[in-house]
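Here is a briefing for a first look at this structure. Have the sequence and the 3D view side by side as you read.

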Amino acid sequence: MGESVSTIAIDARKIKSSTGRYVLELATHLEEIDTTNKYKVLVLANEAGYYKPTNPNFEVDLRKATPADELAGIIGGYDCIIIRSATTLTKDLIDKASSM
(Lines give C-alpha, C1' and ligand atoms only; values in the text may rest on other atoms or scores of the structure.)
Protein backbone atom coordinates (compact mmCIF):
# COMPACT_ATOMS: atom_id res chain seq x y z
CA MET A 1 0.00 0.00 0.00
CA GLY A 2 1.41 3.46 -0.98
CA GLU A 3 2.03 6.34 1.35
CA SER A 4 -0.69 8.97 1.62
CA VAL A 5 0.32 12.44 0.56
CA SER A 6 -0.56 15.49 2.64
CA THR A 7 -0.60 19.10 1.53
CA ILE A 8 1.08 21.23 4.16
CA ALA A 9 1.19 25.03 4.33
CA ILE A 10 4.11 26.79 5.98
CA ASP A 11 3.52 30.40 6.99
CA ALA A 12 6.80 31.99 5.91
CA ARG A 13 5.54 35.55 5.65
CA LYS A 14 8.26 37.93 6.86
CA ILE A 15 10.84 35.26 6.16
CA LYS A 16 13.59 37.92 6.28
CA SER A 17 12.88 38.64 9.97
CA SER A 18 14.55 36.99 12.96
CA THR A 19 11.56 34.66 13.39
CA GLY A 20 11.60 34.02 9.67
CA ARG A 21 15.11 32.59 9.96
CA TYR A 22 13.67 29.67 11.94
CA VAL A 23 10.94 29.13 9.36
CA LEU A 24 13.57 29.16 6.61
CA GLU A 25 15.66 26.58 8.47
CA LEU A 26 12.57 24.42 9.06
CA ALA A 27 11.62 24.48 5.37
CA THR A 28 15.19 23.74 4.32
CA HIS A 29 15.43 20.73 6.64
CA LEU A 30 11.99 19.44 5.60
CA GLU A 31 13.11 19.62 1.97
CA GLU A 32 15.97 17.27 2.85
CA ILE A 33 13.91 14.65 4.68
CA ASP A 34 10.40 14.69 3.18
CA THR A 35 10.06 13.54 -0.41
CA THR A 36 6.44 12.43 -0.04
CA ASN A 37 4.27 15.37 1.05
CA LYS A 38 3.46 18.54 -0.88
CA TYR A 39 4.31 21.90 0.70
CA LYS A 40 3.03 25.39 -0.03
CA VAL A 41 5.32 27.98 1.51
CA LEU A 42 3.42 31.26 1.98
CA VAL A 43 5.84 34.13 1.30
CA LEU A 44 5.20 37.87 1.01
CA ALA A 45 5.53 39.13 -2.56
CA ASN A 46 8.15 41.69 -1.51
CA GLU A 47 10.32 38.80 -0.27
CA ALA A 48 10.06 36.79 -3.48
CA GLY A 49 13.31 35.09 -4.32
CA TYR A 50 14.55 34.93 -0.73
CA TYR A 51 13.47 31.30 -0.34
CA LYS A 52 14.18 29.10 -3.34
CA PRO A 53 13.11 25.49 -2.79
CA THR A 54 15.26 22.73 -4.22
CA ASN A 55 12.76 19.90 -3.56
CA PRO A 56 10.07 19.71 -6.29
CA ASN A 57 7.43 19.01 -3.60
CA PHE A 58 7.90 22.54 -2.22
CA GLU A 59 6.18 25.46 -3.92
CA VAL A 60 6.35 29.16 -3.02
CA ASP A 61 2.91 30.80 -2.81
CA LEU A 62 3.45 34.57 -3.08
CA ARG A 63 1.05 36.74 -1.10
CA LYS A 64 0.68 40.50 -0.73
CA ALA A 65 -0.60 39.75 2.75
CA THR A 66 -2.70 37.00 4.23
CA PRO A 67 -5.36 38.55 6.43
CA ALA A 68 -7.68 36.23 8.30
CA ASP A 69 -10.38 36.34 5.60
CA GLU A 70 -7.88 35.38 2.87
CA LEU A 71 -6.45 32.62 5.06
CA ALA A 72 -10.01 31.34 5.56
CA GLY A 73 -10.34 31.05 1.79
CA ILE A 74 -7.21 28.94 1.32
CA ILE A 75 -6.98 26.88 4.52
CA GLY A 76 -9.47 24.27 3.33
CA GLY A 77 -6.97 22.97 0.81
CA TYR A 78 -4.38 22.01 3.41
CA ASP A 79 -4.07 18.93 5.61
CA CYS A 80 -1.76 20.78 8.01
CA ILE A 81 -0.55 24.34 8.54
CA ILE A 82 2.65 25.40 10.27
CA ILE A 83 2.26 28.94 11.60
CA ARG A 84 4.42 31.66 13.09
CA SER A 85 3.66 33.21 16.45
CA ALA A 86 2.15 36.24 14.70
CA THR A 87 -0.52 34.08 13.04
CA THR A 88 -3.66 33.33 15.01
CA LEU A 89 -5.72 30.29 14.10
CA THR A 90 -9.15 31.00 15.50
CA LYS A 91 -11.90 28.43 15.90
CA ASP A 92 -13.60 29.88 12.81
CA LEU A 93 -10.45 29.34 10.73
CA ILE A 94 -9.97 25.81 12.03
CA ASP A 95 -13.63 25.04 11.22
CA LYS A 96 -12.94 26.06 7.60
CA ALA A 97 -9.99 23.65 7.48
CA SER A 98 -12.05 20.72 6.29
CA SER A 99 -9.00 18.51 5.65
CA MET A 100 -7.38 18.98 9.05
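Start with Lys40, which is partly exposed at a relative accessible area of 26%. Partly exposed lies between buried, under 20% relative accessible area, and exposed, over 50% (1.4 Å probe, protein chains only). This is a predicted model: local features need pLDDT of at least 70, side-chain atom pairs count only at pLDDT 80 or more, and totals for chains, interfaces and linings use all residues. Residues are numbered from 1 along each chain as its sequence is written, and side-chain values use heavy atoms, with hydrogens and water left out.

**Salt bridges**

- A salt bridge here is a side-chain nitrogen of Lys or Arg within 4 Å of a carboxyl oxygen of Asp or Glu. By this rule the model has four salt bridges.
- Lys40 pairs with Glu59 in one of them, at 3.3 Å from N to O. The pair links distant parts of the chain: Lys40 sits in strand 2 (residues 38-44) and Glu59 in strand 3 (residues 58-63), 19 residues apart. Strands (E, at least two residues) and helices (H or I, at least four) are DSSP runs, numbered from the N terminus.
- Glu59 is also partly exposed, at 42% relative accessibility.
- Asp11 and Arg13 form a salt bridge at 2.8 Å, N to O. Asp11 is buried, with a relative accessible area of 3%. Arg13 is buried as well, at 13%.
- Arg63 and Asp61 form another, at 2.9 Å from N to O. Arg63 is buried at a relative accessible area of 14%, and Asp61 is buried at 14%.
- Side chains of opposite charge can pair when their charged atoms come close.

**Strand pairing**

- Two strands pair if DSSP finds at least two bridges between them.
- Strand 1 and strand 2 run parallel, with five bridges. Thr7 stands opposite Lys38 in strand 2. Ala9 stands opposite Lys40 in strand 2.
- From strand 1 the chain passes through helix 1 to strand 2, in a right-handed β-α-β crossover. Right-handed means that, with the strands pointing away from the viewer, the path from the first strand over the helix to the second runs clockwise.
- Strand 2 and strand 3 are also parallel, over six bridges. Leu42 faces Asp61 of strand 3 as its opposite residue.
- Strand 1 and strand 4 (residues 80-82) pair in the parallel sense over three bridges. There, Ile10 stands opposite Ile82 in strand 4.
- Four of the five residues of strand 1 are buried, so strand 1 is largely enclosed by the rest of the structure. Strand 2 is largely enclosed too, because five of its seven residues are buried.

**Nonpolar cores**

- A nonpolar core is a set of buried Ala, Val, Leu, Ile, Met, Phe, Trp, Tyr and Cys residues joined through side-chain atoms within 4.5 Å.
- The largest core has 12 residues, among them Ile8, Ile10, Val23, Leu30, Val41, Val43 and Phe58. Strand 1 (7-11), helix 1 (18-33) and strand 2 are the elements that give two or more residues to this core.
- A second, separate core has eight residues, including Leu42, Leu71, Ala72 and Leu93.
- Val43 is in contact (heavy atoms within 4.5 Å) with Ala12, Ala48, Val60, Asp61, Leu62 and Arg63, leaving aside its neighbours within four places in sequence.
- In soluble globular proteins, nonpolar side chains tend to be buried together.

**Asn57 in its loop**

- Asn57 lies in the loop between strand 2 and strand 3. The residue is buried, at a relative accessible area of 11%.
- Which residues does Asn57 touch, not counting residues up to four places away in sequence? They are Thr35, Thr36, Asn37, Lys38 and Tyr39.
- A polar atom of the Asn57 side chain lies 2.8 Å from the backbone oxygen of Thr35. The backbone oxygen of Asn37 lies 3.4 Å from a polar atom of that side chain.

Conventions. A polar contact is a pair of N or O atoms within 3.5 Å; within protein, one must be able to donate a hydrogen and the other to accept it, and residues adjacent in sequence count only if both atoms are side-chain atoms.
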